[in-house]
Structures are given as C-alpha cells and as structure tokens.
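Welcome, and thanks for taking a look at this one with us. Please have the viewer open, and then we can walk through a few local features together.

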Amino acid sequence: MAGRAADLTVASKIEGVEKEKLRKELRGLSRFSADSEPYSAMVAIRRGANADAAAMVRALTSKGYYAGKVTPDLVRIGGDVTVNFQVTLGSLFKIVDYRIEYQNTSDGERPETFQDIGVTAKGDPKGDTLKTLENKLLTHLWERGYPAAQTPGRYVKADFENATAIAVFPIDSGPLSRYGDIRVVGAEKTDQDRIKDFANFKEGALYKRSDIDAFQDELSNTGLYQEVTITPAAPEENSRTDIIVTVKERKHRTVGIGLSFATDVGPGATAYWENRNLLGYGEKLRAEVSYAAPRQTAGLTLSQALPKFRGAWKASTAFENEDTDAFSAQTYSIGVGVERYWWDKDLQLSADLNYQFSDITDSDGTEESFSLVSLPLAALYNTENDSLNPTSGHRLRGVITPFFGDTQFNKLELGGATRIGFGEDKSTLFALRALFGATFGAEGFDLPATERFFAGGGGSIRGYGFQLAGPLDANGDPTGGASIAEVNFEARQRITKKWQVAAFVDAGSVYQSETPDFSGDTLTGVGVGVRYFTPLDPFGLMWLCPSTKERFFKPPRQRRTTPCPNLKWFLKTMRFTSILP
C-alpha cells in the first residue's frame, strides 16, 4: 500500500562483493543513502533501484566482469525501505584477441594490428584500457594522413563458457589526405599571409594532427587573438584537404601599471603602453618607464616574431639613471638583436649588437665617461612549468659579452635554477639557484661601474642590503667587482592552497679578481618566511639574518645589516592591465 507523500525513507546495501574498493564504487552509483530525500511511493523506489542496478552492471562490464549481474531486492518495514543490491560478479574475463575492422577502403597504408603502431595489448578487459588502445589507434591515423578517422564505438565478443573475449575496434578512417590551401576566417587587422607564416607544414605534405596543434599553439602565443580554431575541411577528390583557420582578434593596444615595495630599495612603479600589431604583420611596439630609488628607466622596443626562422628580431633604445651607494650613472643605449628556438622552444639562442654611452660618478667622486659597443651571445635552456611560481623544471643560462670601445674586456655569466617537489601537488619543494660571473681582460676598478658585478638584496644574497654583499670602501660603500659567485637554497612547504612557509640559506660574494678567488669573506644569510598566493602574484614576508660574524663581530658602522632578526618584506610586482580601443 502506498504511503502518504514523503513518508518513505530509503537506504541501500551492496551484497556479494568482498573487495571493499569495488563495493564502495558500486555503492556510489546508488541514489539511495541515509540523507537522501524521502519517497512517496514504492513504485518510484523500485524504478530507481532498477536504474541503479543497470548502472552497476555497466560498471562491472567496464571492469571486465562481462557476466556480472545485479538484482535489487526491496524490503519495507513500516516507513523504512532497504534496497539490497545482490551482486553476482562471475569470472573476470581476459581479452585473447584484438581486431581492427575498417569500414571503408583506402589507397594508403593503415595498421592492421596494434603491433603495427608499436603497442602491445596484454589482455586487460577494463574499459579504460580498451579506450586507451582506441585513442592510440585514432591518434596514429590522424598523424598519418587520416584527419577524418573516427569510430562508431568499440565492443567485445564474449565467450561466457571460457571467460574470454575478443575486442573489436570498428574504424572509419576516411580518405588519405594531404594539405591543401590555408583559408583564414575572421582576420580584421592582421594580414592573412602573416597568419599562414606560422604553419609548419607545406602544401601537398601528408596531414598530421600534431602539425595542426602546433599551428594553433603558435597563433595563440602571439597574443593577437582571443580565440583560435583550426580544423580540416572535407577532403576533396584529389585527396587534398584545406585547413580552415578561424580567429577572433583581441584589441591590440594595452596599457598597464605595476607597483612594488621592498625594504632594501623602497617603493617602485612600472607603466607601459603596447601595440602588438603595429602595421598588421605582428609588429610589437612597447614603451615602458619604471621607477625605483636605485634605478629609473625609460625605453622603447620594437620586435617581431619570425615563424619561418623559428625566432624573432628586436630593436630597442633606452635611457637609464642609476643612483646607488656604489655609483651614479646616466646611460643611453641602442641595440638590435635576433633569437632562435629549438626543442619546442626549450632552448633559445640569441645574439645582440648594442651601443651604450655612460656618464659615471663613483662613490669617491671620480667622474668618467664610457662609450662601448657590445655583442652579447646568450643561450637559455628553460623547462620550468610556470614563469611566476615554478614547481618543476630547470633553467640554465649562459652569456658571453665582448665589449669594445673606450675599454675592452669580455664578460661571462653562468646561472641556473632547479627544484624538486614531493607529495601531492608537490606541496613540499626544494629549490636551488646558483650564479657565476667572471670578467676577462680587466679587474674590478678597471671596469666601468655599470659593468661591475654586485650582490645583496632581494633576489641575490638575502639578509644583506642592496649591493652590500661584497667588498666595501673606507666609507662603507660597495665597490662592486669583476667576478661573482652566489648560491641559494630554499625549502618550501604548502600549508593551504593559498599559504606557503619557507626557510632558506644564501651564500656568496663579489671579488675584484677576474674570476672568483674566494680570498675574502663568503657572506651568508639565513631566514624563514611565509608567502600568500594572490590571483595576481605571490607576495612574501621574510625574516632575514646575516652571518654571525656580520651581526656580532663588526662595529655597528661597518655592518651591512642590522642585527638578526632583520624584518624585510617583499611584494612582487602586481600588474593591473586595461585594454584601449
């Protein structure tokens, strides 16, 4: 007899399954639980129980129990109803054969077995395993000239007497196709030939899905488009397939401002204006000004990607004013450069030709002017997974720069960073950074102050003031040097999604010799801190300690820092960007 509205409470049980994990998975497919909504009639409960049983059978089939059965049994005591799902697993089947059955003919070569595509099938009957095999087969066809390859769905032929099965993969490969024309849709201010330049394939070549994916990534990375969609058109009778590129352009002009603060250099600000498509061919013009107490700059850069070259070129000019305890200088520079990428852009090589003129006043009042031409040659290998907060990957950089003009020397910089993560989402992280610099052909005081090495401050040897981790003159001002050696180690631990604690040790110094001779003190700093991850950028609050010798054994006027704990906090640059029409 049907009860009154909403007077039947329902619970469920899984019987006949010994494995707790499987029992839990099946229970999760049932709509009946202790906190489920009451039911008003037994017919609705029976209908739901049958639907749940069907879902459980599908789950058992996906795990290889092709003969599995689930029978629901309803037991009512007053207003309480229990649904007992009686599960009969049967045998776990084994796949003994894999068959690829093509639904069409083709002039091209298609794999007849999974061995033909380098895949070994091991008899696993699970649905996920068969799905993976199906995806590998389709990917193989997409990469070898069959853009329209698809399947109506795999199935198995089961031998219930022997608990074995044959997996069948019906495939409609479509015709073998080669690249035809590239057709562009939606381009308004960008030259269509410019878009076509980013394709890394030629007309007449065999179609490959990876070519299309790379083409789409290259266009997306230009920053010119809100949306990029690339699809193959229907194959033509001559086996040619046109490629349709549909884009939606972004506004090409952007203005932005960035704010920062650190106790070693004080407040800072950056403002910029950028046009990413100046003449319709992807030329990027950027004007930028920045201010911080030690350095103020204003610059203009024009650059353009060279997709056929796998690189880019740039031209720039800048004015820089520096005013530090070590020196004050005004420098004007102009330069051009080119860069090229390898290994999916993990490796970048670049060469620049620069001219700079500097008026420099050293801390002792000596005034000099330098006119220099430089040729920086750089190599960067970068596999970091994030530019702001990397948790994996490596970064290695080397630069050799010959200088000519009023003085002649060669400058070398080698640097690297890596990190190792542990635990879920790499919540525990160890990070290591190192820097080595040397100068050949001149020692410390022979170099223009603007080209000497300095250490100390955020991003260098923390715990010491800006440029103060190195040799000092009689007045306690930094002199800089011709060489440098630094190493930083940091251990980080995520506490929550937004909060992270860290402890670190930094060590190193600057030297007057051409290469680090480690003749002076190796300065060290240790500290602990906390970071908070905002939607814009992480910021950190750090307690920093210089070395024991620095804190306690030097007279106060000769100390580079105040005694430990020396509280410093660093707010990384936060950019606020708006789009102009």
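Predicted model: local features only at pLDDT ≥ 70, side-chain atom pairs only at ≥ 80, totals over all residues.

Two strands pair if DSSP finds at least two bridges between them. Ten bridges link β23 to strand β24 (residues 523-533), and the two run antiparallel. Within that pairing, F504 sits opposite G527 of β24.

| Strand pair | Sense | Bridges |
|---|---|---|
| β23 and β24 | antiparallel | ten bridges |

Next come the helices. Which residues of helix α1 (residues 20-27) are buried? They are L22, R23 and L26. Because these residues cover an arc of only 100 degrees around the axis, they lie on the same side of α1. The face turned away from that buried side carries K21 and K24, which are exposed. Among the elements covering the buried residues of α1 are β1 (9-15), α2 (42-62) and β3 (80-88).

Finally, take a look at E134, a residue of helix α3 (residues 127-142). Its relative accessible area is 3%, so E134 counts as buried, the cut-off being under 20%. Leaving aside residues up to four places away in sequence, E134 touches T151, G153, R154 and F169.

Key. Residues numbered from 1 in each chain as written. Heavy atoms only, no water. Helix = DSSP H or I, 4+ residues; strand = E, 2+ residues; numbered from the N terminus. Buried < 20%, exposed > 50% of the residue type's maximum accessible area, 1.4 Å probe, protein only. Contact = heavy atoms within 4.5 Å. Arc of directions from axis to C-beta.
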